[in-house]
Amino acid sequence: MLIRMKKEATADQISFVKSQMDERTLEFYQTVFWGQEVLVVQESFDSSKLHDASLFWASLLEVSGVEEILVIPPRDHQRTLTSYYAKKERTKVEIGPLAVGNGHYAIIGGPCTVENEEQLVETAKSVKKSGASGLRGGAYKPRTSPYAFQGMREEGLKLLAKAREATGLPIVTEAMTPEELPLVAQYADVVQIGTRNMQNYRLLEGAGKLRIPVLLKRGFSATIDEFLMAAEYILLGGNDQVILCERGIRTFENDTRFTLALGAVPLLKGRTHLPIIVDPSHATGYYKHVPAMAAAATAAGADGLLIEVHPDPQKALCDGRQSLTFEEFEQTVVACKKIREIVNVTDLISKYDTGVDRERVIPVPHRLESYIQAQNAMS
Ligand code: PEP
Ligand code: MN
C-alpha cells in the first residue's frame, strides 16, 4: 500500500494516519515522494479478514490530509516507490539541457576518466557540438586492479567543473563511497553509482539523501528485481531523481566484455516509472560494436545513452578500446537521433502498457480480492 498525503497535509494529520498504522501494527516507512509525504505500508492480506481490511482502508481514505491510497501489487511490494503503479506518469529527470524519461531522450558522452584539462574540455566541446546534452567523466575510478589509474580525484572534479563552464553541459561523475558523496555532489550535476557498487547499501542510502539526480548502473550480476530494489533505497531516502542504466551483464560469453541485456529496456518499462538509459561502451568493450548497440538500444525504447568518447582512444588511460573518436561519436549521435524519430517510441512504449491497469487504485473490496488472488499465486 502506498498512502499519499495531500501537499497541504498538516503534521497532525500525518501523525494521525501513522497512529492508525501503529494501532493495526502495520509496518510503514515515511518519506517524501514527488513533493508529497507518503507512507509505504508493507501489508499482506489475509482473505479471512478481507472485509475488515477493506473497511479499514476505505475509512482511511476519508481521513483529512489523505490524498489517495494505492494498492501496490504483491510482486512490487519490495520496490513500491520504483513500481510502475506508484505514479501517474513516467519520471522525467531534468538538469538544464539534459532531460531523460517520459518521452525525453538524451545522449551523454565523454571520456571514461578525466585525464587533464585539454583532453576533457576538448572532448566536452566536441560532444556538445555533436548533439550530446551531458558530459560524463570519472574522477574516482573503480578499477579492477589496484595498479591501474585510479582517477584524478578532486583535481578531476575541478576540471569537470571547468568543462561545464566552457560548454554548459551538466556533468555526470561517479562516487564510490558514502564518504566521497558530499564532495562529488558539490561538483556533479548527476552522481553516478557504478555497476560494482549497485549493492553498496550505505552508498545507496547516502545517494537517497542527495537532492541531485543519481545515475544508477545495473550490477553486472544483478537481476532486474535487485536492480530496482537498489533504486528503491535511493527513492526511500527521499531522492526520486533516479536514472537507471543497463550496462551489460556477466554471461558465459567471453568474446564481448559483457553481454548487453537489451531486453531489460522493455522489461523495466513495464515495471517502473523511472527512466532507463543504456551504456553500449562498457557492455561491448569494443568501439566497433558501440554504434550498432547504441542504435539498437534507441530502437528498443531506451530513454538515452551513455557513451565513452576520447580525443585519441589509443592513448586513453582507461577503456580506450571501447571509446569512440569524436567523428565516430558524431556519426552515432546522428544515426541514433534519426532512429529515435523513425521508431515512434511513445507508441511503442504505450504498447508495453497494454493490459497494465494504471488507473488510480483504491482499496475497495473487489480490488482487494484480486490482490489476494495475486498474492496467493505468488506463494
Ligand atoms: C564507467 O562508467 O566508467 C564505469 C566504470 O562503468 P561501470 O560501473 O558500468 O563499469
Ligand atoms: Mn569506463
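This report describes the surroundings of two ligands in a predicted model.

## Basis of the model

Residues are numbered from 1 along each chain as its sequence is written, while chains are lettered from A and ligands numbered from 1 in the order in which they are written. Local features need pLDDT of at least 70 and side-chain atom pairs count only at pLDDT 80 or more, whereas totals for chains, interfaces and linings use all residues; side-chain values use heavy atoms, with hydrogens and water left out.

The residues around ligand 1 (a heavy atom within 4 Å of it) include Arg136, Lys141, Gln192, Gly194, Lys217 and Arg247. By class, the shell holds 7 charged, 4 polar and 1 nonpolar residues, with Asp, Glu, Lys and Arg counted as charged, Ala, Val, Leu, Ile, Met, Phe, Trp, Tyr, Cys and Pro as nonpolar, and the others, Gly among them, as polar.

Oxygen atoms of ligand 1 lie 2.8 Å from a polar backbone atom of Thr195, 3.0 Å from a polar side-chain atom of Arg196 and 3.3 Å from a side-chain N or O atom of Glu308. Taken alone, ligand 1 exposes 290 Å², of which the protein buries 97% (Shrake-Rupley method, 1.4 Å probe).

## The manganese site

Ligand 2 is a manganese ion with protein donors (N, O and S atoms within 2.8 Å of the metal, or 3.2 Å for Na, K and Ca) Cys112 (SG), His282 (NE2), Glu308 (OE) and Asp319 (OD), lying 2.0 to 2.4 Å from it. Along the chain, these donors follow the spacing C-x169-H-x25-E-x10-D.

Note on methods. Polar contact = N/O pair within 3.5 Å; in protein donor to acceptor, adjacent residues only side chain to side chain.
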